[in-house]
Amino acid sequence: MKSIILAAGEGKRLRPLTNHTPKCMVEFFGKSLLERQIEIMKSCGINDIIVVTGYKSNKINIPGIIFEENTNYENTNMVETLFCAKNHFEGEIIISYADIIYEKQVLKKLIDSSNNISIIIDKNWKNYWEKRFVNPLSDAETLKIGPKGNISEIGQKAKNIAEIEGQYIGLMKFNSEGTEIIKNFYEKSKKQSQNGKNSLNTKIPFEKSYMTDLLQGLIKESFPLNPVFINGGWIELDSIEDYNLYKKLSEQNRLKELINLEN
């Protein structure tokens, strides 16, 4: 099993912390986000780790890690960043955003899933979002579970809380068959976009497609997306407000309400 960590973004909402530092290398209680994630992966036996860089890629240098670069990071999004690592698409793959950290138990639960496509979904999302946002609906996206227990909708703008049965955290796994599915689906979708229409999201160019656009596209093609449910145990560092919140919670000895950094 290998992992691909997507670390190309600029982290504009984290400025000034990212003025001279890639988002993934922002220090978080003594270690960078990327270092923390790599430690968790290695503790679970994943040593084949690929990091896709972009913004200030020269500032990321961790021994024993394979690096690929999205040289067009300024004009692309998560899907294109992921496929900068397409030469490594073989066998079982864990795919993770670089701006999240999670407890070991979260990753182990994902590793144990035997489905073709497995997506970590936080059922306790509302408690976390209420700490981060005055109005949780301002940021949360839809997540619906269908009658067969698979994800039936993901990543759309939510009109109400009832449309959110959990929250996608940016962590997923493809087994060998799932890896082939996503490769073929990406190539098919990219070819279709050459006529000027992005089948993943008609509102934006194909190269700007979000990961949830790709996942929703797989759902539309009837590929089952299996939810792997958790109840917290992770956090996202997306904005300077997030950073200040976690610092405040730590000072109050309350950070464990969200995540135990020792596990």
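Biologist: At what angle do helix H4 and helix H7 pack?

Modeller: Helices here are DSSP runs of H or I, at least four residues, and strands are runs of E, at least two, numbered from the N terminus. Axes are lines fitted to C-alpha atoms, for helices over the stretch in contact; angles run from 0 to 180 degrees between N-to-C directions. H4 (residues 125–132) and H7 (residues 240–251) pack at about 100°, with axes 10 Å apart. They are therefore roughly perpendicular (65 to 115 degrees). This is a predicted model: local features need pLDDT of at least 70, side-chain atom pairs count only at pLDDT 80 or more, and totals for chains, interfaces and linings use all residues. Residues are numbered from 1 along each chain as its sequence is written, and side-chain values use heavy atoms, without hydrogens and water.

Biologist: Which residues in H4 meet H7?

Modeller: Contact means heavy atoms within 4.5 Å. Tyr128, Lys131 and Arg132 of H4 meet Asp242, Leu245 and Tyr246 of H7.

Biologist: What is the strand order in the open sheet?

Modeller: Two strands pair if DSSP finds at least two bridges between them. The order is S5-S4-S1-S6-S11-S8-S12, with mixed pairing. The edge strands are S5 (66–69) and S12 (226–230). S8 and S12 pair in the parallel sense; Ile120 has Val228 as its bridge partner in S12.

Biologist: How many residues of strand S11 are buried?

Modeller: Buried means under 20% relative accessible area, with a 1.4 Å probe and protein chains only. Eight of the eight residues in S11 (residues 167–174) are buried.

Methods. Angles under 35 degrees count as roughly parallel, over 145 as roughly antiparallel, 65 to 115 as roughly perpendicular and the rest as oblique. Buried means under 20% relative accessible area, exposed over 50%, partly exposed in between (1.4 Å probe, protein chains only).
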